[in-house]
Amino acid sequence: MGASRSSGTTDELGPDEDSGGGPPGLSVDPGGRAGEDAIPGAPAGSELLAALLDGMDAALCAFDAAGTVTHWNREAERVLGWSADEAVGRSGFAGWAVRRADADEVRARLMSAMDAPGRQVHEFALLRKDGGRVLVRTQSAGVRGADGQPAGVYCAFSEVHAQIDLERAIALSEALLEDASWGVVLVDVDLRPTVVNAYASRALGGGRTGLLGRPLGELVVQGVEELEAALHHVLAEGAPSAPAELWVTLRTAEGERRRCWRSGFLRLASPLTEEPVPLGVGWLFQDVTAARLAEQEADRLRFRTSQLHRAAGTAAECEDPMEAATSLLDFALAGFADHVLVDLVAGERLVRTAATPLDAPGPCLPVAGGSIPARYGPGHPALQSVERTGTVRTSASARAADPAAWAEERRWPRDAAHALCAVLRSRGRTLGVLTFLRAAHRAAFERGDAAYAETVAARVAGAVDLAQVTGAADRP
């Protein structure tokens, strides 16, 4: 808030006499008492008071008991255009800072604070020096002298729109931090949460107070590096131009869960300094996991439908039914699995009829030299699929010491970590089993994958059945 720049008026209504020079409780010697108690080199009381008033962010003026202006700070000059030299010493606002028709009412309402307890809030239309009018909101309070009698009034005022803007900003921040339908987290420059709203606390899986001050790495298992990199970038460079979507894995009481957060970031800087001083980052986010998973599933379904359509067209042009079967599998493998094995029923056992290369990606081809028995042990997933006439999914244990040994034990390629076995059925008969395999860096097969594999298996079974009827399956 800014300060009176008149030397005499400060002494006239100096707070050391409790006569209204400033807010109650401010005790400064108006004459600068250079006596035994004075501090060498310290500013005189009036100079200190003027400096304090001139440093305030709100416009401030003061009146003595007769209604004469005694103090006028720089912010008051900025709002109304009248300098301290022009304002101090005038009797009230009449004729210069307020219309004469309103002067008596304004004076009465301001000076009534001298006899009333506490502060009074009013709104007035004041006049600027250039003739324009400005609506201000005032807070006025009485000042008492050393004898306890009313000695004047001090009045702090600001433009109403500025006050309303401030109130809106406060109301907005309170709403964001309480009732917002998206997460709001304020993090300090050390990237530790300092404020967390209710939505964010639910999303992060903790209480609003329990999350404060904890490193983000304690809350986010995977994806914390990307999140912290985004926060560091905002601190250094400012907010990004568009929201970002971050996939993270959270550690919760129910286990780990993967979420997608659509996030926006704001750099927070102190408004009280000339140079912006970073206070941290405001992080706003919404959980869009369900929508993104639905989009991914829709994209996956469109791609797989397109692959099946292309596969059907290619298979229709194959003269050899087994070539048609392997062509179907080549299309099905794209984006779905790394390897595929075709084992057909031969009496009481399964024989390997076609497969992709074991040591590298490649097309599905008939086994060179003819079919060979598949040496599957009891309980093998392929045998289970045949016995159940259904689909079996399995994966290497995350705690397995040697995943390659798990694959070799099941007679699969060494890089296999996830398997899906789908039975081949045609005309009410079990013809064999398809085994799709994925490497460890890929996700395990899910229920939607099983439905797709069953669709592929049904088409392959038709081609295999035709090959067996025509004897093509027995030709090398």
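This is a predicted model: local features need pLDDT of at least 70, side-chain atom pairs count only at pLDDT 80 or more; totals for chains, interfaces and linings use all residues.

Tutor: Residues are numbered from 1 along each chain as its sequence is written, and side-chain values use heavy atoms, with hydrogens and water left out.

The residues that line this cavity are F63, G67, G92, F93, A103, V106, R107, L110 and M111, and helix α5 (residues 100-111) supplies the largest share of them, with 5 residues. Helices (H or I, at least four residues) and strands (E, at least two) are DSSP runs, numbered from the N terminus. The space in the largest cavity comes to about 60 Å³, and the structure holds 1 cavity of 30 Å³ or more. On a 1 Å grid over the protein atoms alone, a cavity is a set of points where a 1.4 Å probe fits but cannot get out, whereas a pocket is an open set with protein on both sides within 12 Å along at least five of seven lines, and lining residues have an atom within 4 Å of a point. Grid points are joined across faces, edges and corners, and a volume is the space filled by probe spheres set on the points.

One of the lining residues, G67, sits in the loop between β1 (59-64) and β2 (69-72). G67 counts as buried because its relative accessibility is 1%; buried means under 20% relative accessible area, exposed over 50%, and partly exposed in between (1.4 Å probe, protein chains only). Although 85 residues separate G67 from G152 in sequence, their C-alpha atoms are 7.4 Å apart in space.

By class, the lining of the largest pocket has 3 nonpolar, 3 polar and 8 charged residues.

Two packed helices are described by the angle between their axes and the distance between the axes; here axes are lines fitted to C-alpha atoms, for helices over the stretch in contact, and angles run from 0 to 180 degrees between N-to-C directions. The axes of α9 and helix α10 (residues 321-333) are 9 Å apart, and the two helices pack at an angle of about 160°. That makes α9 roughly antiparallel to α10, since angles over 145 degrees count as roughly antiparallel, under 35 as roughly parallel, 65 to 115 as roughly perpendicular and the rest as oblique. The crossing of α9 and α10 is right-handed, a crossing being right-handed if the near helix is turned clockwise from the far one by less than a right angle, and left-handed if anticlockwise. For α10 and α13, the axes come within 7 Å and cross at roughly 165°. That makes α10 roughly antiparallel to α13, and the crossing of α10 and α13 is left-handed.

Two loop residues show a backbone feature worth a careful look. Most residues other than glycine have a negative phi. T389, however, has a positive phi of about 45° although it is not a glycine, and T389 lies in the loop between α11 (381-388) and β16 (392-395). With a relative accessible area of 42%, T389 is partly exposed. R411, also not a glycine, has a positive phi near 65° and is found in the loop between α12 (403-409) and β17 (416-426); at 40% relative accessibility, R411 counts as partly exposed.

Finally, G432 lies in strand β18 (residues 429-439) and is buried, because its relative accessible area is 0%. The C-alpha atoms of G432 and S385 are separated by 9.1 Å, with the two residues 47 residues apart along the chain.

Definitions and conventions. Ala, Val, Leu, Ile, Met, Phe, Trp, Tyr, Cys and Pro count as nonpolar, Asp, Glu, Lys and Arg as charged, and the others, Gly among them, as polar.
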